Structures are given as structure tokens and as C-alpha cells.
Amino acid sequence: MKSDLTPIISEAARVYACNEVDAGGYYYHMPNAGHYPSLFAWDSGYHAVTMLHIDPEKASRELETLFAQVSLDGHMPHEVLLPCAATRARPWKNLMRWAVQWGYDSNGASHLVDPPIFVYAAERVFEQTGDRGWLARIWEDLCRCLDYLLDERDVFGDGLVAILHPWESGTDLSPQLLPALGIDPARRLDVLQSVFYAALLYRFNTGLGWDPAALAEANRFVVEDLTMNCITIRALDSAARLAPHAGDELAASRYRSRAALMAETMERVCWDEEAGCYFPRWDASKPRLARVKTAASLLPLFTGRCRPERAGRLIAEHLLNPDEFWTEHLLPFNPHDEVSGARPWVEKKLWAGHCIWVNFNWMIAIGLREHGYAEEARELARRTEAMVEREGFWEYYDSRTGQGRRIRDFTWPGLSLDMTDM
Ligand code: GLC
């Protein structure tokens, strides 16, 4: 650890302590005890990576709690309403939880899935601890939740994973998902629709039992999302590397070949030669690209399998372009050219306006470093740390000013600890 980072480490330790749950056999962190008093799947992946820099034992325990949530059919829920003191201390929070529970199963688990960054986190934990007993305890559930994505969510039959609700991308109302939602940001009525759409779609999907085949047939929202697929490709390679340590050689070759197939399909169907970047594909009956650029368009850099000449174009034409992503405050999720001129209402929606999310900074910095752009990776890391140190730990930051936004003492900025050695 570098000594000049001590303020961020101690702030991370404080924020994580405020959001820690260690009760009833569960150990995990809430992303924020006030706003999100539950276990969230991809958040726990970020927590484990952060905790490797504070207390690796706690990183292992958080992932063990998480993988224990995988259901028999392999569904890893986006959120689980585990009992915790944060809601007992504030009874009105229980009411809010009760209100959302209508959409959850009898275990308090959401029907949604999350991008499986927690599998990459498991590889990082194992690299550091070498604890085979721990790996043996999580291995079956880890494979089961990957297999669910590979077998049940290959809705287009091309190897990629389809999401059936925008929240399954982890990037709730990302402008890249608006075409598939049938929302035109310029129309007033559609703005209103966007507020209710997620809840209505959740209800509609529950009515069809979250059955991927039935939902593909209904074709309300079926998207080969970049965040989901890039993280899944990375997760498959992590699982393939872990497999021999779990004594499961068969899984190693299955996951490696599926990662290769997914990466090939992504190159074939999501790459836009003219734009020089990747876009998600949507519509199960007439598949087409949603040509809206966000930081997810750059995420193939994180897969470890992006074609070098395309990675070069992504970096030179978009990531390092001061008119798009390489602006004063790094890294806008929505690039300058897409968000300038956007309607003011988008600012109120998560992931839609001028926002910097530290998880994307972290994944893209890893991608830059792995593609040989060490200096640029360091610069992204340096500016992220400076922002987090100056502002504190916020849910996201304003990409015009670098100021913290919405929820304070939010856990994800802890990922900046993992960027220090870049
Ligand atoms: C927001 C984010 C989602 C995250 C959740 C809990 O809904 O968009 O990605 O998992 O909050 O932090």
C-alpha cells in the first residue's frame, strides 16, 4: 500500500464499517445502509475486491454469503432482503422493504440477475489467499450461477447472454437501453413512462414466471447488453482459471470455449465498423443495434478478448478523445458528445445524465493496462483517487464538476484502492 493513500484507506474502512452486516450467519456489506439495506450481487463483488485491500478474510466471507444465495436452478438474485439491523433500527425502512417484496420470491430474493463480476472477484480473492477449502465451499454455486446465464439466457441462440429487464445490466436507465424500452428522451410522455416502466416490466415478467423463452416470445425487453456480456466473458475466464484448483478440469474447458464463442459473437454482432465501437443488440424477433454510446461501449477492453485493432480504435477514437470520454473529470459514463443537448430530465435518472461511476473507471483502467496503455491507466487511476479523496465516497459523481452525487457513504468508490498500483 502506498502511504500517500492512507486517507482513502481509512475512509474506506470507515464507510465499510458503517455498512457492514455480521449477524445470523451472514457476513456482507450493504452498498449504503440508509438507501440500500440489503445484499446486492454485483455490489458484493466490488466489496470483495475493495476488502482485499483492508481485510482479505472479510472479502472471502462476503463472497461465501453471496454464493450461498444461488438457487437450485442457478439463479443468483440481484438483491436479497436478508434480515439486518439497519432495517430493524428504522421501522419505516421495513415498510419500504415490504412494499418492494411483492415482486420478490418467498426468500426475499429478486428475480433479476446481475453481471457476474463476483466471479472475477472470487478469482482475485483466491489469488491472494490460496484457500482451497474456501474455493471448494463456493465452487458448486459459482458454476451453477454461470451455467444459468449460459444455458437459460442464450435467448438469441448465438452464445451471448440476454437481459430481460434494464436493471439486469446494473446500469438502470442507461441511455443505451432506451431504444429497447421504446423511450424517446425528447418526448414528455415517454419521460413519464420511464418512471413506471421498470416496475411495470417487472410485474409483466413476474406474470410470465421469468421464463426466458416466454419473455423472448413476448419480446417486451430482450437485450444483448454489453455490461452483462463483457463481465460474463471475463467471469468465464476467471472460472476457467479457478477450475483446476477446484479439481474440475471439465469446467475449465467448458468455460474457456464459451468465453471464446461469446467474444467472437460480440465481435460479429455488436461491433459497428463505421462508429468504431460496440453497441448492444435488442429485439428478439428483429435483432438490431442500439446505436447510443456509453462507457459500456468501451467495456470489451475489460474482457481480455477484444481484437487488438478494435481495442486500438476504441481507445484512440473514443476513450482518449477529449470531445467524448477523456474530459476534465474522468470517466463520464455518458460521453460528452452524447449527453450535450440531452433533456434535463435525464439528470435525475441513475446512469442517464452527467455521471461518473467508479466501477466503470476501475474496469476500464484494468482494460487500458492490459492493452498496454499503462500511462493512461495510471492517469485514470490518479484522477479517480483524487476525486474520491476530495469528495468522499458517493454513489456517483457529476462528470462536469467531479462533485459527489445522491448518496453519501456509498461503498463502490472503495474500488479506487484497487487502482493504486496501476
Ligand atoms: C442502483 C444501481 C445498481 C446497484 C444498486 C445497489 O440501482 O444502478 O447497479 O446494484 O443501486 O447499489
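1. Aspartate 283 counts as buried because its relative accessibility is 8%, where buried means under 20% relative accessible area, exposed over 50% and partly exposed in between, with a 1.4 Å probe and protein chains only. The model is predicted, so local features need pLDDT of at least 70 and side-chain atom pairs pLDDT 80 or more, while totals for chains, interfaces and linings use all residues. Residues are numbered from 1 along each chain as its sequence is written, and side-chain values use heavy atoms, without hydrogens and water.

2. Aspartate 283 sits in the loop between β8 (281-282) and β9 (288-289); strands (E, at least two residues) and helices (H or I, at least four) are DSSP runs, numbered from the N terminus. Leaving aside residues up to four places away in sequence, aspartate 283 touches Phe156, Asn219, Val222 and Arg288, contact meaning heavy atoms within 4.5 Å. A polar atom of the aspartate 283 side chain also lies 3.2 Å from the backbone nitrogen of lysine 286.

3. A disulfide is a covalent bond between the sulfur atoms of two cysteines. The whole structure contains 0 disulfides, counted as pairs of cysteine sulfur atoms within 2.5 Å. Which cysteine sulfur is closest to that of cysteine 270? The closest is in cysteine 230, and at 8.1 Å it is too far for a bond. For cysteine 355, the closest cysteine sulfur is in cysteine 277, 17 Å away, which is also too far for a bond.

4. Cysteine 270 is buried, with a relative accessible area of 1%, and cysteine 355 is buried too, at 2%.

Definitions and conventions:
A polar contact is a pair of N or O atoms within 3.5 Å; within protein, one must be able to donate a hydrogen and the other to accept it, and residues adjacent in sequence count only if both atoms are side-chain atoms.
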